[in-house]
Amino acid sequence: MSTETAEKTEVKKSSEALLSKRRKKLVTDPLVDDNPITIQVLGICSALAVTTQMQPTLVMALSVIFVIVMANLTISIMRNTIPTRVRIIVQLAVIATLVTLVNEILKAFAYDMYKELSVFVGLIITNCIVMGRLEAFALGNKPYDSVLDGFGSALGYSWIILAVAFFRELWGSGSVFGVPVFDTVSSLFGEDFSLATNGLMVTPVGAFIILGLIIWVQRTKTGYVEH
């Protein structure tokens, strides 16, 4: 009995902590050092298309977080039963099911947002970030690690598109989440003072400019160089 107790104690000591250094890196690395948009250059289409305002961008970010995390979890649980030759089909089926679920939830509880984002939410199915994490990580790792990996990648994607949306809505419409920031600031300085918006920011060109500036600042800070 004493030998069995010692073996159990040894197994418990050797188990990895829930938030070990390695597991923390699964969440933190995609935020900056291995960001899916600024480093891997994935998910660019939605970063340009849905970022004119903060509210739809936030909904898009939450949708992507849900889809990536749940897809990673599902594929990781099924990883030992998926035949290699049909793995891409299975992954697409899982993603499509989750995206359909998100679409139906938006349709039921946020119909205006559903009408605005339905096309772009549907395109999550073909988002390279989602497929990339399933293929590169979830197929070969345990469920908990896969959830952390998916969550980290989704957060890395989300903060970039939210940053782009913040500056596009502020400079293009003079507001943030629909709150008229420019009008409020202008009113503090009298009738003769007025902050002007820039119509370029509500076009895809404005998104390109802001995203390019974010990539430039981030790569300058991290020292990342394309090879």
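Which residues in helix 4 meet which residues in helix 6?

## The model

This is a predicted model, in which local features need pLDDT of at least 70 and side-chain atom pairs count only at pLDDT 80 or more, while totals for chains, interfaces and linings use all residues. Residues are numbered from 1 along each chain as its sequence is written, and side-chain values use heavy atoms, with hydrogens and water left out.

## Helix 4 and helix 6

Gln55, Pro56, Val59 and Met60 in helix 4 are in contact with Met113, Glu116, Leu117, Phe120 and Val121 in helix 6. Contact means heavy atoms within 4.5 Å. Helices are DSSP runs of H or I with at least four residues, numbered from the N terminus. By class, 7 residues of this contact are nonpolar, 1 is polar and 1 is charged. Nonpolar covers Ala, Val, Leu, Ile, Met, Phe, Trp, Tyr, Cys and Pro; charged covers Asp, Glu, Lys and Arg; the others, Gly among them, are polar.

Two packed helices are described by the angle between their axes and the distance between the axes. Helix 4 spans residues 54-78 and helix 6 spans residues 111-122; their axes come within 11 Å and cross at roughly 50°. The axes are lines fitted to C-alpha atoms over the stretch in contact, with angles from 0 to 180 degrees between N-to-C directions. The two helices are therefore oblique to each other, a word for angles that are not under 35 degrees (roughly parallel), over 145 (roughly antiparallel) or 65 to 115 (roughly perpendicular).

## Annotated regions

The unreviewed UniProt entry carries the annotation "transmembrane region" for residues 58-77, 89-111, 117-134 and 195-217. Such annotations may be inferred rather than shown by experiment. In the model, residues 117-134 are 72% helix and 0% strand (strands are DSSP runs of E, at least two residues), and the end C-alpha atoms of this stretch are 24 Å apart. Residues 195-217 are 61% helix and 0% strand, with end C-alpha atoms 26 Å apart.

## Two loop residues

Val41 is in the loop between helix 2 (21-28) and helix 3 (44-49). Although Val41 is not a glycine, its phi is positive, about 55°. Val41 is partly exposed, at 46% relative accessible area; buried means under 20%, exposed over 50%, and partly exposed in between (1.4 Å probe, protein chains only).

Phe177 is in the loop between helix 8 (143-173) and helix 9 (181-188). Phe177 is not a glycine either, and has a positive phi of about 55°. Its relative accessible area is 43%, so Phe177 is partly exposed.

## Gln218

Gln218 belongs to helix 10, residues 204-222. With 7% relative accessibility, Gln218 is buried. Apart from neighbours within four places in sequence, Gln218 contacts Leu31, Val32, Asn35, Thr38, Ile39, Trp159 and Ile160.
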